[in-house]
Amino acid sequence: MDSQTGRVINFRTQVLTRHLSNHHNLATDLIRTAPCLNYSPPELSEPRPDFDTMSLRNLLDGQSADFIDHMFDLMLRSSLFCPRERGGKVFVSPNFNQSMEQQREMTMKRIDYLREEGAFDGWFSKKGSDGELWRFAVLETASVFDHSLGIKLGAHFLLWGGALRFMGTKRHHDKWFKPTESFEVNGCFAMTELGHGSNVRGIETVTRYDAKTEEFIITTPCESAQKYWIGGAANHATHAVVFSQLEINGVNEGVHAFIAQIRDTDGNVCPNVRIADCGRKIGLNGVDNGRIWFDDLRIPRENLLNSVAEVSPDGQYLTAIKDPDRRFAAFLAPLTSGRVSVAATAMQIAKIGLAIATRYSLSRRVFSIEPNEPEVLLLDYPSHQRRLLPLLAKTYAMSFASNYLKMIYVKRTPESIKTVHVVSSALKAVLTWHNLRTLQECREACGGQGIKTENHVGHFKSEYDVQLTFEGDNNVLMQQISKALLAEFLAAKKRNKPIKGLGLEHLNKPAPIIPSKLTSSTLRTTRFQTDIFCLRERDLLHRFVKEVSEHQALGENIEHIFATTHQLAEDLGRAFSDRLILQTFLDVEATLPAGSLKNVLSLMRSMYTTILMEEDASFLRYGYLSTDNAAVVRKEVLKLCSELRPYALSLVSSFGIPDAFLAPIAFNWVDANAWSSV
């Protein structure tokens, strides 16, 4: 009789003995006596980092770290953030089992608590880059707890408040800033309509001016013109910034923005305004999205946000920007803060997903390689490394790019507005796509535990899915980038001068030459990585220029051309974004002295570039990689995974996310699921 058969017989004998003796705590005793898997904190077995994790965290959060930590601390202090004990640790997260109405009520209670704690004090008065970075940090950190909280604050402060700040002038600032900061006024942003989202110029709400009373009259002329998905409108907003076609003396002057009161101080909907709920959503049910109709609502002349254009008391349309296209661009340019915030938040959530899935994979074991040997940690399987570690490297790369985006936004000048627009469009799209893909992979990597709401990664997918389409549909943004690159290229050619800006200066140099046979060492050099990313971008831009020119030669109009060349445009948009992210990574590395931290970043950069070459079909489609070299790239990914594996815990710990904002499976998942915890 072998030892395994003996153990089985012994176990069944114990069960039978307890049964015959009428033991009343059979289940409890079996749990107590049977050999079980034990949770072992990865900190006990994983190698200690040979670099300073705080230095790495500072590269990620920089001067915003203190702002972020302060917000985390405020949320951890209050029972409104639903602290609960699981497995010997306290975790915070919303109660998603509540009804939609309860979730909305809780969101407002949390906002009231944060307001009372001074979390928003100085929102409009804090100046300079510190003030801008603080504002972004408040919204990002709120979203780490609950996307609804972040979106609700963003709609009020970034959208309503941003419209006042950038589209309004002193008369609006003096009147509206203080009550907005104190939430005496609760604002919403009424741009999107049932019939128009991305195409803002096509919105159908109409505003006419009545010179006799010096009032504007806002009208919803048809059902497709109803304002739709307006965050805050269904329950809480008292005022709205309404985007509308402005008609003066029968002439359409284009889209303008107006301040309209939609509820009184008692919460009653104002006359000539109708509001309906958008209903339950796949996520974000703590945000009261609503629909608004205006039935000839009259507002004072002063409620036109007039930074770009004014209407005089006698009804004259006044503007210094005569060209409607330039006027529209100047009007909307300041609102890129929304895209900046969305991109940054996407990175915070990707970090949480990876921190949870990685920590779980460093304590969860499955299968034995040899008979009677211990089961193997998930992250020791090459297949599991291949799932998580490339995403970890991408998240670092994109986090550096997100920081770059914030800095060019806070330091923007009139001359840099175009760059901010293009970069924010690129990174908003690529970073939110990455976030959803990361959450999906983390969900699968956590198996059944990833399905549980309390473990976040599965539920986050539905909460953050909306990022792919709000603040601009990602596919449309890719095409916008390509249009901007085309315009820059053609303008430089027309001037007969080198191209300058948007990082396109590499087009002025000879095309890089890619080695015919790649090796592991070549793949890891910054020269090769930069060369192949630049080659891809320049080649796709030249192809796009050629294809557009061929269509123009046939007499096709430009909008039809862009519609038919969308595949090439999207490839080009991706190439621009990837090259930009690589450059921001290199810029971060350049700030570091030689040493272990720089070496780890170099590994992650090589992983970032190599995994993109493997995953993006354009490298093979357009011949930047041969099939033989593509096979070398694929093998290199596995090599890099094995080299990054010892750093996995240190890399996710360097995110600086408090344990309470992670999940039970990131820690003692055995105790968290024990009978005593049920």
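Let's start with Thr192: its relative accessibility is 30%, so Thr192 counts as partly exposed (the scale runs buried under 20% relative accessible area, exposed over 50%, partly exposed in between, with a 1.4 Å probe and protein chains only). Keep in mind that this is a predicted model, where local features need pLDDT of at least 70 and side-chain atom pairs count only at pLDDT 80 or more, while totals for chains, interfaces and linings use all residues. Residues are numbered from 1 along each chain as its sequence is written, and side-chain values use heavy atoms, with hydrogens and water left out.

**The annotated pair**

- The unreviewed UniProt entry puts a "binding site" annotation on Thr192 and Gly231; such positions are given in the numbering used here, with feature names shortened, and annotations may be inferred rather than shown by experiment.
- The two are spread over 40 residues of sequence, yet they cluster in space, with a largest C-alpha distance of 10.5 Å.
- Thr192 sits in the loop between strand 3 (187–190) and strand 4 (206–210); strands (E, at least two residues) and helices (H or I, at least four) are DSSP runs, numbered from the N terminus.
- Skip residues up to four places away in sequence, and Thr192 touches Gly197, Gln226, Lys227, Tyr228 and Ile230 (contact means heavy atoms within 4.5 Å).
- Gly231 is part of strand 6 (residues 227–231), and Gly231 counts as buried because its relative accessibility is 15%.

**Nonpolar cores**

- The largest nonpolar core has 176 residues, and Phe243 and Leu651 have the most contacts inside it; a core here is a set of buried Ala, Val, Leu, Ile, Met, Phe, Trp, Tyr and Cys residues joined through side-chain atoms within 4.5 Å.
- Helix 12 (residues 382–410) is the top contributor to this core, giving 14 residues.
- A second, separate core has 25 residues, including Ala233, Val242, Leu246 and Leu297.
- Beyond its neighbours within four places in sequence, Leu651 is in contact with Phe51, Leu56, Leu392, Tyr396, Val600, Met604 and Leu644.

**Cysteines**

- The disulfide count is zero, going by pairs of cysteine sulfur atoms within 2.5 Å.
- Cys278 is in no disulfide, and the nearest cysteine sulfur, that of Cys188, is 11 Å away.
- Cys278 has a relative accessible area of 15%, so it is buried.
- Cys534 counts as buried too, because its relative accessibility is 10%.
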